[in-house]
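Please open the structure in your viewer and keep the selection tool at hand.

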Amino acid sequence: MKDTRAMVVRSLQSALGSGVRPICTAGTALLLAACKGVQSSLDPAGPRAERIADLWWVMFWLSMAVWALVSLLLAYAYLRARRRSGNPPSDRSLIQFVLWFGAILPAVVLAGLTVLDVMTTKALLRPARPTKLTIEVTGLQWWWRVQYSGAEANRTFRAANEIRVPVGRPVEMRLKSADVIHSFWAPALSGKLDMIPGKTNRFWIEATKPGIYRGQCAEYCGAEHALMAFYVVAMEPEAFEVWLEKEAQPALEPALPRLKRGKALFLASGCGACHTVRGTPAEGLNGPDLTHIGSRMSIGAGILPNTQATLAGWIASAQHIKPESRMPSFDVFEGEDLRAIAAYLESLK
Ligand code: CUA
């Protein structure tokens, strides 16, 4: 027995000396690096996400402590049993052991975590300052309708698949669904909240630093659930106000002949039955508002970068990129026509 133990210790020592340590160090670095990013609740960019991340780290370290304790006890029990195989512990000490480590300790740990959890939830109920901007987000299969209103917006207008917020100002969020249950989740800014048909769920978000944060639908909602993402762009308040004023305006009339042709084709092909471009006869409400689509970072609800090429690809082949979405593949256009429409949409800044 002693020989076996010595052998295990020796092989562990040699392994630690010969490379396990660098591997462990690299592994830990990789694990910690995985906490960073545009879509990580462990890389918070707002007070809500910070509170949630704090709670997560408390739970993590507490779980690590419990795990270490259990492992130590297990090792101790193993070694002790080997040493004194003929002499089992008394019933009384066994009962005491189970009482302390099986009932009292877990009860204290879980009660502590419950209190912490309730405190976190309570702290998230209301923002520190009143909100002046309301963003209503409606989940649809498989994209996001976005509507700005409130004192700061000055008027009500729609956009899609991208949300812009001012840094340092809390924003009221109203979440709705037009079909099935979706869930709105931008991990760097907040926890997730369901979007339930027939109901409006309210919460608030605030970004503490400028940046681009990715979010996605966090509730299975059909075939393309995995392709239902969005971006939250947090801007300095002055830049945000300029953007908001511009975003509320109707689309500019195109000046170049190619863009004029793109607009004419867009309207003649029936795109306006589903899409709105404010300031034109296109007033459809079934699909994303395209009034300022050229200023968005992505198309197809966060799945492709927004360029003329991807726009053309999406128009011609939406059913291959996102099968079963409501956007048909318009494969009837000649190359030049397709490029003209894409160029017109790209020009809608
Ligand atoms: Cu919408 Cu999943």
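**Before selecting**

This is a predicted model, in which local features need pLDDT of at least 70 and side-chain atom pairs count only at pLDDT 80 or more, while totals for chains, interfaces and linings use all residues. Residues are numbered from 1 along each chain as its sequence is written, and side-chain values use heavy atoms, with hydrogens and water left out.

**The whole chain**

Display the chain as a cartoon: 7 helices and 12 strands are present. Helices (H or I, at least four residues) and strands (E, at least two) are DSSP runs, numbered from the N terminus. Of the 349 residues, 38% count as buried. Buried means under 20% relative accessible area, exposed means over 50%, and partly exposed lies in between, with a 1.4 Å probe and protein chains only. Contact means heavy atoms within 4.5 Å. Among the contacts with a separation of 6 or more, 62% are between residues 24 or more positions apart.

**Helices α2 and α3**

Two packed helices are described by the angle between their axes and the distance between the axes. Axes are lines fitted to C-alpha atoms, for helices over the stretch in contact, and angles run from 0 to 180 degrees between N-to-C directions. Select residues 47-83 (α2) and 91-123 (α3): their axes come within 10 Å and cross at roughly 170°. The two helices are therefore roughly antiparallel to each other. Angles under 35 degrees count as roughly parallel, over 145 as roughly antiparallel, 65 to 115 as roughly perpendicular and the rest as oblique.

Now show side chains. Residues of α2 in the contact include Leu55, Val58 and Leu62, and those of α3 include Phe97, Phe101 and Leu105. By class, this contact has 14 nonpolar, 1 polar and 2 charged residues. Here Ala, Val, Leu, Ile, Met, Phe, Trp, Tyr, Cys and Pro count as nonpolar, Asp, Glu, Lys and Arg as charged, and the others, Gly among them, as polar.

**Helices α6 and α7**

Select residues 308-321 (α6) and 335-347 (α7), whose axes come within 9 Å and cross at roughly 120°. That angle makes α6 oblique to α7. The contact involves Gln308, Leu311, Ala312, Ile315 and Ala316 of α6, with Leu338, Ile341 and Leu345 among the residues of α7. The contact of α6 with α7 divides into 9 nonpolar, 1 polar and 2 charged residues.

**The nonpolar cores**

In soluble globular proteins, nonpolar side chains tend to be buried together. A nonpolar core is a set of buried Ala, Val, Leu, Ile, Met, Phe, Trp, Tyr and Cys residues joined through side-chain atoms within 4.5 Å. Select Ile135, Tyr148, Ile163 and Phe184, which have the most contacts inside the largest core, a set of 42 residues. Strand β10 (residues 229-235) gives the most to this core, with 5 residues. A second, separate core of 23 residues includes Ala251, Ala318, Ile341 and Leu348.

Return to Phe184. Leaving out residues up to four places away in sequence, Phe184 touches several others, including Val137, Trp144, Ile163 and Phe230.

**Single residues**

Is Glu136 buried or exposed? Glu136, in strand β1 (residues 134-140), is buried, with a relative accessible area of 16%. Beyond its neighbours within four places in sequence, Glu136 is in contact with Arg145, Val146, Gln147, Arg174 and Lys176.

Lys132, in the loop between α3 and β1, is exposed, with a relative accessible area of 57%. The C-alpha atoms of Lys132 and Val171 are separated by 6.9 Å, although the residues are 39 apart along the chain.

Pro250 lies in the loop between α4 (237-248) and α5 (257-268) and is partly exposed, at 41% relative accessible area.

**Backbone stops**

Most residues other than glycine have a negative phi, and most peptide bonds are trans. Gln141 and Trp142 are joined by a cis peptide bond, with omega about -5°. Asn161 has a positive phi of about 60° and counts as buried at 8% relative accessibility. Finish at Ala301, which has a positive phi of about 65° and is buried, with a relative accessible area of 0%.
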